[in-house]
Amino acid sequence: MKSSVSHICKRTTTFTTSPRPRTFRSDASLNAIAKASQDRVPSLALYNYPSFSGSFSALFAHLFHSRLNLPCLILPFSSVHPLRVEDLCTEGLEKLYLLDFLGPKGFAEEISRRASTCKVIGFNHRKSVLRNVLSTEDCPENLAFHVNVEKSSSIAVYEYFSAKIAEARCSDGMVESLLEPKDRDRAELLLKYIEDVDLRQQNLPDIRAFTIGLDEWRSKLNCLTNPYMYEQLLEISAADLIAKGNSYISVREKAAKKLLDKGVRADGNSDLVNEIGKQLSLRSAAAGLRPIGAVIYMQRNNLKMCLRSTDSGTDTSEVAKAYGGGGSLSSSSFIIRMDEYNQWLSMNRQDHLKVF
């Protein structure tokens, strides 16, 4: 098998601006906490923002407390400018939920120490937090961690509040479950897809399309700025997100194919790197070459080469690592000097398929 890759040359110019800082220890948050303290609200739930697991966990906390008419303040928590321990030690606080995060090292422990009459309950599924989680023996009695790397936080929180609402079922039987029957199947399927993304399993059908369709909701996940967040989350359908994602993928694939079929440079289309690379991978394989597509563009004074493959048995990162880059099996990249690239091109001119 010839060791060649298909490639397309393109040049892009990127203008960057410094992002404006996003503040979540805002006046709105602090005012809400101050009012909760004044009213002696017994429960406070902080959710990881802008995480989908965190936002759906907030939804389940909201449903639980609303169904049972229990006062609870729910706020987004971001590591950009986080709320502080001293902000959260409010009057009358009995329970503090940390949904899809545990905070900086020692954060939950410090809250449980300062607010000794408050039960702190944290949920997370990330392996990175395991080293910061206290053992059961070392945990204070008012601190509980629910960390399961095999179950997403949103599902863990859903199961937690479902069990709690069953325990607190009204004597007349009106409160039977956390979700209404009309919403349950749709929401539970959605949670399975979110878990597939959270745990990076990529097992469910159309998971890439689902992820693309879901991502447009990220801007709506702040319950302070979006008072309709809970209603909107309840209405999301995995089928609708997959359909929207597939439509997006189709449009981009057609745009990439159009560029290649015209035989023109791809200047100004850096956002199509992935689609162009994959189509080049297929063309390379059809030509009897290695199933790798290389999309090249200027970055500062050098070239950046992005490698893509549609063949699960091909590791593009082997090539990238040889030039000081890296990535995954199907997607990797590296920086190469123009003279190095021209030398490589002249040495392999007879073996590679050129698409301009």
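E216 forms a salt bridge with K244 (a side-chain nitrogen of Lys or Arg within 4 Å of a carboxyl oxygen of Asp or Glu), and their closest N and O atoms are 3.2 Å apart. This pair links distant parts of the chain, with E216 in the loop between α7 and α8 (229-235) and K244 in helix α9 (residues 238-262), 28 residues apart; helices here are DSSP runs (H or I) of at least four residues and strands (E) of at least two, numbered from the N terminus. E216 is partly exposed, with a relative accessible area of 43%, where buried means under 20%, exposed over 50% and partly exposed in between (1.4 Å probe, protein chains only). K244 is partly exposed at 43%.

The model is a predicted one, in which local features need pLDDT of at least 70 and side-chain atom pairs count only at pLDDT 80 or more, while totals for chains, interfaces and linings use all residues. Residues are numbered from 1 along each chain as its sequence is written, and side-chain values use heavy atoms, leaving out hydrogens and water.

In total, the structure holds 15 salt bridges. R186 pairs with D183 through N and O atoms 2.9 Å apart at the closest, and the two are separated by about one helical turn because they are three residues apart in helix α6. R186 is partly exposed at 26%, whereas D183 is buried at 8%. For R218 and D215, the closest N and O atoms of the salt bridge are 3.0 Å apart.

Turning to the aromatic side chains, the structure holds ten aromatic pairs, counted when ring centres of Phe, Tyr and Trp (its six-membered ring) lie within 6.5 Å, with planes under 30 degrees apart stacked, over 60 edge-to-face and the rest tilted. F60 and Y158 form a tilted pair, since their ring centres are 5.0 Å apart and their planes at 45 degrees. F60 lies in helix α2 and Y158 in helix α5 (residues 153-167), so the pair ties together parts that are 98 residues apart in sequence. Both F60 and Y158 are buried. The pair of F77 and F107 is also tilted, with centres 5.6 Å apart and planes at 55 degrees. Here strand β3 (residues 72-77) holds F77 and helix α4 (residues 107-114) holds F107, so parts 30 residues apart in sequence are tied together. F77 and F107 are both buried. Elsewhere, ring pairs link F64, Y97, F123, Y160 and F161 into a cluster.
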